[in-house]
Each structure stands twice: as structure tokens, then as C-alpha cells.
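Here are my notes on this model, as numbered points. Please read them with the coordinates open.

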Amino acid sequence: MKKQHRAMINLFYVPAIILFVVFVVYPFLQGIRLSFTNWNGYSQTMKYVGLKNYIRLFQDANVKTALINTLIYGIMSTVIQNILGLAYALFLNINFKGRTVVRTIIYMPVMIAPLIMGYIMYFFFQYDGGAINDILIALGMEPADLLVNSGAAIAIIVIVNSIQFVGVAMVIYLAGLQNIPAMYYEAAMLDGATFWDRFKHVTLPLLMPAISSSTILNLIGGLKLFDLIMALTSGGPGFSTHSLSTLVTNQYFSAQSAGYASAIGIVSFLLIMVISNVVTGYFDKKEVDTQ
Amino acid sequence: MKNKKAFGIWKYLLALIIIVLHFVPIYMVIAITFKSPYDHSSRWIFPGYVYLKNIQTALERGGMLMALKNTVIISAVAILFIVVIGAMAAYPLARNKSRMNHLVRGFIMGVMMIPPLSILVPLYSFMAKIGGINSYWGIIITLVTFQLPTSIFLFSSFISSIPVALEEAAAIDGCGPFQTFFRIIMPQLKPVTASVIIITGVNCWNNYQFALYLLQSPKIKTVTLAIASFFSADASNVNGAAAAAFLGILPLILVFLFLQKYFIQGMVDSAIK
């Protein structure tokens, strides 16, 4: 291509860059500025308060809970989705009649808005007339109000999120499995390798790119979890099931501390950034090692 | 041989358990949607009749009809821009691998890392200043911006895989860069465009976080907002709420069942780079 032509085509990304600068970078910088103020979110005036919001943040028990919950949502969802997704992929990689139907049904909930999925779960976990309690009563047990118990509510949020999106991990692993040449397995069989040997020494190492994509995707999704929590508990009882993203919304709309909400937003950004960089770095090194 | 046969039955049993586990939420929505509010049987029991009044309630009183209309408009316009701006931005990144473009690519990846939650507060106040709250364009521009990185990466890895020969021939024939892009490149992008539309479209349709901040007037509710207010305002009307949820998920489920291949291919392409 001619040099002039090459320079000209760079104009094509200008619209995208403008959008990023105006609607992501500029608000992000504004967010850093707001995090040093006491702005309430609507008034014309605000005062710079220095590091006050950040100091408050490190002493705030609700932030600590939200931080721990965010890590639980992120890590536990990632673990469940990857183990279950890989198990499903191994199962559906066997040739049997109707396996495409199974794949369709597993993937279908990915289409449902997480918010709506949360409300649907309400039909199951509601105290009065909830589908789970119908079963408990039929079995002669006491009905349970699971969503007001913070431990149970956190577990429910993790499980619902994992089951809803396990289809994503499954299709990534299925694609990965289909890329493994059959001759590797044949060679391993000739050497008398057991199922477990083959899994450990052929399948897992060759699935490394799929494992890394799926882990990073699920981890970032889990750390950003918002809609499902809003639908199931709105962060309650108290502040016990809040994640950092629902806490930002709570501090902004309900507590009207926009400056403080911005500070939580900035800290969340740093947290997600560090975690995903560490994980990406780990997998990049691992992929090189296995090659 | 005997072992194999046993595995056969075990396989179908396992398949059945998996199907039940993943289909039960959708089953529950359908069962409650078509059940009369006066029917107090367990939610597990499918009604032996078809009761359509809940759907009517959701559409009219719950505002789902308006919400569906708003969501269709917002998603369709957003998708159009996501595809056009995304494909355009991908072209130089795939074809002109200069040092500057390497930096641009890094910048876009950095943008991708910023979670919505860390900019929502300032974005809201900025949108309020420029009059973008409660408007179609405010939510559309936000959705477009946040879906663009996915679109750019899918398009640029696809463009990298098409041979340059055609473009070079076009350049020799005197085609300018704009003509080359719209006449030569765009027509070749059909398969990956399907993936981009599907992946970003689902995110636009299902979005709640941006809509919650940017659309606060009841007149411009999207599907997720309408369902959220239905559930919080009318919590006693379980059947109406289920009908609203049913209407909200039906369009995407139907599209998925017809275009499944593209959904799965698109997901795999966007995950594995």
C-alpha cells in the first residue's frame, strides 16, 4: 500500500477515539477529581476535602464487606463456572444422540438479562409460596427465608450467576477440546495411559489457552457483578451482600455522597485492574511454559 | 460391552439432570405467566389451561409495551453505530501496523478495563450537563462506547485474516481509502458482523446499569427498568411480574434458537484472541 494511503486510513479510528475520550476518559478523570470532594451529587457547589474520602473508605466496615463480597463473587463464580463448564464440555464432547439439545439448553440462560434472572430466582426463594419452600414443606421440613440470611444470600448469588453463565465457559472449552488432535490421544492410549493420565498430560496442557480465556472472562464478569445483586437482595440485609458496584450506586443515590461514591469507584477500578493483570500475566507465563 | 451399555443409560440420565437444572428458571416463568392469579397451586405445577390476562396486564399496566418499543429502538440504533464505527476503527488497526497504531490498540484495551461502576457518577453528571439524561441519544452513545472495544477486536482480527491483494488491486485502479473500505472491505465482513451484532446486541438489550442512571423518567423505560419497577411496585402480583419477565426474555430466546450457530461462534471468537 502507498504510504499516503496508509496514513489516510488512520482517520478511520478517529470517531471511536473521540467517543472513548469524551465518554470514558473524561468521566474517569472527572471521577478522580470528584473523589477528592464532598459533592452530594446535585448541588452546584462542592468543596475539596483532600484524602478524606479515601481515609473514610479504609475505615468503613461496609466497604470492607463489599470488598470481600466482590472477591467472593468474582473468585467463586470463576471456580464454579470453569470446573462445571469443563465437565460439561468433556461430557458433550462424547458423541451421543441429543447432545446439541443439551448444549442449547445450557447456553440459553446466557440470553436472559441478569436482572431478570435475579427476579426469576425470587419465584424460587421467596418465603411465601416460593418454589423451594414448597419442596421443603412437602418433605416435612420448615420453610426457610434464605434471602434474609446473608451467608445463604451470598451463596445463592454466586450459584445463580455461575449456573446462568456456565454456558460461556462450556462453549470455550468445547472449542478448545475440538482443537486437540485425536492422534495425541491415540499415542497416549498406545502407551497405556489411563483416562486420568490422558486428562492430566494431554487435555489440560493443550486446553491452556481456553482455560486462560475463560478464567479471565469469568473473573472480570464476577468482579463487576451488579444486576443480579440488585434484583435478589439490593445489597441487604443491611449492607451484607453489597458488592463494590452496588455500593457505589447506593452511596450515590441513597446516601447522596457522590464524592465518596467516586472514591469507591476509583478504588474498585484499581482492584479490578491489578487482579486481571496478575491473572493475565500468570496465564501468559504458563502458556509459554507449556509450549 | 456390558460396561458400554450401562454408560449409555447413565449418559442420558446425566443429560436429563443437566437439562432440568438449566431449564427450570424458564419453565417457572412460563408456568406462572399462564396461570390465573386465583390459582393457588404450587408454582411447580403447570396450569392445565392458558390464561392470557397476565400478559395483558404486563403490557398495559406494567408498561412493557412501551419498554419493548424503547429497547428495540435503543438497541437497533446502538448496534448500527457499534458495527459501523467498530469496523472502521478496526481497518487501520489491522492493516497499518505502525508504532502509533500499536499505542492506539493499547489505549482501546485500557478503555476496556475501566469498569462502568468507576465512571458512572461522573458520567451521570456529565450527561446531565449536556442534556443526555432521559434521552435516546444519551443511553445509545453510552452503550455504543462501552460495546465498541469488543466490536473493534472482533473486526480487526477478522480483517487481519483476509488477503490484502484485493485492496492493492483497488488502489492500483485508483480507489481512495474510503472507497476501498466501503466497497471492498465492508462486503467481506458479513460473517463477523453477525457475531458482533449478536454479542453486543445482547448486552444492549439486557443492559440495566447504565439505564438505571441515565433513564430516570417513566416515559423512557427500557425492558430491564420496567421489570425492576414492576417487581418493586407490584410485588404482590406475582403472575403479572412473571408475564413481564416472560415478555422481556422471549425476544432474545427466540433469536437465539434460530441463530444459535452464530451466537456460539461469536462467543468463542470474542473470548479466544
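1. **Conventions.** Helices are DSSP runs of H or I with at least four residues, strands are runs of E with at least two, and both are numbered from the N terminus. This is a predicted model, in which local features need pLDDT of at least 70, side-chain atom pairs count only at pLDDT 80 or more, and totals for chains, interfaces and linings use all residues. Residues are numbered from 1 along each chain as its sequence is written, chains are lettered from A and ligands numbered from 1 in the order in which they are written, and side-chain values use heavy atoms, without hydrogens and water.

2. **Val171(A).** Val171(A) sits in helix α8 (residues 150-178) of chain A. Its relative accessibility is 3%, so Val171(A) counts as buried. Buried means under 20% relative accessible area, exposed means over 50%, and partly exposed is in between (1.4 Å probe, protein chains only). Setting aside residues up to four places away in sequence, Val171(A) touches Tyr107(A), Ile264(B), Met267(B) and Val268(B). Contact here means heavy atoms within 4.5 Å. Against Leu51(A), 120 residues apart in sequence, the C-alpha to C-alpha distance is 46 Å.

3. **Tyr107(A).** This residue belongs to helix α5 (residues 99-107) of chain A. Tyr107(A) is buried, at 2% relative accessible area. Beyond its neighbours within four places in sequence, Tyr107(A) contacts Gly167(A), Val168(A) and Val171(A) in chain A, and Phe256(B), Phe263(B), Ile264(B) and Met267(B) in chain B.

4. **The interface.** How many residues of each chain are in contact with the other? The count is 92 in chain B and 88 in chain A. Together the chains bury about 8,200 Å², 80% of it on carbon and sulfur atoms. In chain B, His22(B), Met113(B) and Leu117(B) lose the most area to chain A, together 9% of what that side buries. Buried area is the accessible area (1.4 Å probe) that two parts lose on being put together, summed over both.

5. **Salt bridges.** The rule asks for a side-chain nitrogen of Lys or Arg within 4 Å of a carboxyl oxygen of Asp or Glu. Over all chains the count is one. That pair is Glu167(B) with Arg95(B), at 2.8 Å, N to O. Glu167(B) lies in helix α7 (residues 165-172) of chain B and Arg95(B) in helix α3 of chain B, so the pair ties together parts that are 72 residues apart in sequence. Both residues are buried.

6. **Helix packing in chain B.** Helix α3 (residues 64-95) and helix α11 (residues 223-233) of chain B have axes that come within 8 Å and cross at roughly 155°. Axes are lines fitted to C-alpha atoms, for helices over the stretch in contact, and angles run from 0 to 180 degrees between N-to-C directions. The two helices are therefore roughly antiparallel. Angles under 35 degrees count as roughly parallel, over 145 as roughly antiparallel, 65 to 115 as roughly perpendicular, and the rest as oblique. Met64(B), Ala67(B), Leu68(B) and Thr71(B) in α3(B) meet Val223(B), Ala226(B) and Ile227(B) in α11(B).

7. **Leu143(B).** Leu143(B) is in helix α6 of chain B. It is buried, with a relative accessible area of 3%. Among its contacts outside four places in sequence are Ile74(B), Ala78(B), Ile82(B) and Phe210(B). The C-alpha atoms of Leu143(B) and Ile82(B) are 8.7 Å apart, at 61 residues along the chain.

8. **Backbone checks.** Most residues other than glycine have a negative phi, and most peptide bonds are trans. The bond from Gly236(A) to Pro237(A) is cis, with omega near -5°. Pro237(A) is in the loop between α12 (227-232) and α13 (244-254) of chain A. Ser234(A) lies in the loop between α12 and α13 of chain A. Ser234(A) has a positive phi of about 50°, and is partly exposed at 46% relative accessible area. In chain B, Asn134(B) has phi near 60°. Asn134(B) is in the loop between α5 (120-129) and α6 (136-161) of chain B.
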